[in-house]
Amino acid sequence: PAHGLVKLYRGDQARQLFRRWEPGTTFTSLGLEILKSNRVIAAREFLQAAWDAGEGHPKLGLYLAYAEARSGYCSQVADHLTPFLKNSLGSAAPEDFSYLLSALSQCSFEKNSIAVLIQIDLLIKPDSEHGAEVTGLLAKAGAEHKNLQNLESAWLLFQKVLARDPNRVQ
């Protein structure tokens, strides 16, 4: 299987072998199949290759951000989520919200996640299906930024939490 390629070879070698063996298949489709089997490190390799190649799958950034977050690579999660939030959130499936909230939860300590968290606050209303999860995520991020001495970011996030749920105690 493809995830074995990543284990046996460096990522670039695995991608070259894949192109030779499966010339008509996209890196996105392979990355998604690997992601479904919970092989996030291997999936990240192929999804990153798809991103770098400009493959236009509307949810590519979401899946890449999820694989990155699960692999502990948080620095580009916000950048990869932005196109999904702008173009595909309205048509998102329930599992897409799971990927989105999981990626943001794992990487909410990143300073560059603030803009995405603010965008999520605006797009997912407090009384919506995922509103409580978003409020909890904003509170978690606020606490993390407070602990990291990013007090301005923490204050902004805590204000968002209180605007969403004025009676919140934690």
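L100 is found in helix α7, where helices are DSSP runs of H or I of at least four residues, strands are runs of E of at least two, and both are numbered from the N terminus. This is a predicted model, in which local features need pLDDT of at least 70 and side-chain atom pairs count only at pLDDT 80 or more, while totals for chains, interfaces and linings use all residues. Residues are numbered from 1 along each chain as its sequence is written, and side-chain values use heavy atoms, with hydrogens and water left out.

With a relative accessible area of 0%, L100 is buried (buried means under 20% relative accessible area, exposed over 50%, and partly exposed in between, with a 1.4 Å probe and protein chains only). Leaving aside residues up to four places away in sequence, L100 touches L62, L81, F84, L85, L89 and I120, a contact being heavy atoms within 4.5 Å. L100 and Y63 are separated by 37 residues in sequence, and their C-alpha atoms lie 8.5 Å apart in space.

## The chain overall

The protein chain has 10 helices and 0 strands, and buried residues make up 48% of its 170 residues. Among the contacts in the chain with a separation of 6 or more, 57% join residues 24 or more positions apart.

In helix α6, residues 77–87, the buried residues are V77, A78, H80, L81, F84 and L85. They lie on the same side of α6 because they cover an arc of only 155 degrees around the axis, the arc being that of the directions from the helix axis to the C-beta atoms. On the other side of α6, K86 and N87 are exposed. The buried residues of α6 pack against α4 (40–53), α5 (60–71), α7 (94–107) and α8 (114–123).

The axes of α7 and helix α9 (residues 131–147) come within 9 Å and cross at roughly 15 degrees; axes are lines fitted to C-alpha atoms, for helices over the stretch in contact, and angles run from 0 to 180 degrees between N-to-C directions. This makes α7 roughly parallel to α9, given that angles under 35 degrees count as roughly parallel, over 145 as roughly antiparallel, 65 to 115 as roughly perpendicular and the rest as oblique. The contact involves L101, L104 and S105 of α7 together with E133, V134, L137 and K140 of α9. By class, these residues are 4 nonpolar, 1 polar and 2 charged, where Ala, Val, Leu, Ile, Met, Phe, Trp, Tyr, Cys and Pro count as nonpolar, Asp, Glu, Lys and Arg as charged, and the others, Gly among them, as polar.

In α8, the residues I114, V116, L117, I118, I120 and D121 are buried, and what covers them includes α6, α7, α9 and α10 (151–164). The axes of α8 and α10 come within 11 Å and cross at roughly 10 degrees, and the two helices are therefore roughly parallel to each other. Their contact is made by I114, L117, I118 and D121 of α8 and by S153, L156, L157, K160 and R164 of α10, a set with 5 nonpolar, 1 polar and 3 charged residues.

## Positive phi in two loops

Most residues other than glycine have a negative phi. N38, in the loop between α3 (27–36) and α4, has a positive phi near 65 degrees and is partly exposed at 46% relative accessibility. Q149, in the loop between α9 and α10, likewise is not a glycine and has a positive phi of about 65 degrees; Q149 is exposed, with a relative accessible area of 58%.
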